[in-house]
Amino acid sequence: MIKVKHLLEAVEKDDGQRLWVEPIGLTKDVREWCQVDHVLPHLGPPMKAWKVLEDHPDAYEFFRAQYHEQLKKSPYRAALQSLALASRAETFTLIHQSDDAEHNSAMALYEYLSDLEAYIKPE
């Protein structure tokens, strides 16, 4: 299962691994304070699209399309498939920093991983 949370939302026992998926890094103290297990800016959206969404919250569809296109061409495709497959057996949480709980980097990645998982054959 994949969960999506804001960086400052309470950490819960069932969060599993907590993955920061914004295109910017985190300082060590914030990472420790928010209990982020992995900082993965290389899986985050293109900075240009991310800034558009930051400036224009109504541009989520544009942002998501740009992000998903990048993910399709990503050299990390195998890692993305592994994450999608892992969601069948374990829980992990995608962490974002946006004020909008439904229109953010983590939600767009969640949507992509969910679609990807649907195409992976059951083991």
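Predicted model: local features only at pLDDT ≥ 70, side-chain atom pairs only at ≥ 80, totals over all residues.
Residues are numbered from 1 along each chain as its sequence is written, and side-chain values use heavy atoms, without hydrogens and water.

A search of the whole structure identified 2 aromatic pairs, that is, rings of Phe, Tyr or Trp (its six-membered ring) with centres within 6.5 Å. Tyr60 and Phe63 form a tilted pair, 6.0 Å centre to centre with 40° between the planes; planes under 30 degrees apart count as stacked, over 60 as edge-to-face and the rest as tilted. The rings of Phe63 and Tyr67 are also tilted, because their planes lie at 45°, with centres 5.8 Å apart. Together, ring pairs link Tyr60, Phe63 and Tyr67 into a cluster.

Tyr60 and Phe63 are separated by about one helical turn, because they stand 3 residues apart in helix H3 (residues 60-73); helices are DSSP runs (H or I, at least four residues) numbered from the N terminus. Tyr60 is buried, meaning under 20% relative accessible area with a 1.4 Å probe, protein chains only. Phe63 counts as buried at 0% relative accessibility, and Tyr67 counts as buried at 0%.

Elsewhere, helix H4 (residues 77-86) and helix H5 (residues 105-119) pack with their axes 9 Å apart, at an angle of about 80°. H4 is therefore roughly perpendicular to H5, a term covering 65 to 115 degrees. Axes are lines fitted to C-alpha atoms over the stretch in contact, and angles run from 0 to 180 degrees between N-to-C directions.

Note on methods:
Helix = DSSP H or I, 4+ residues; strand = E, 2+ residues; numbered from the N terminus. Buried < 20%, exposed > 50% of the residue type's maximum accessible area, 1.4 Å probe, protein only. Parallel < 35°, antiparallel > 145°, perpendicular 65-115°, else oblique.
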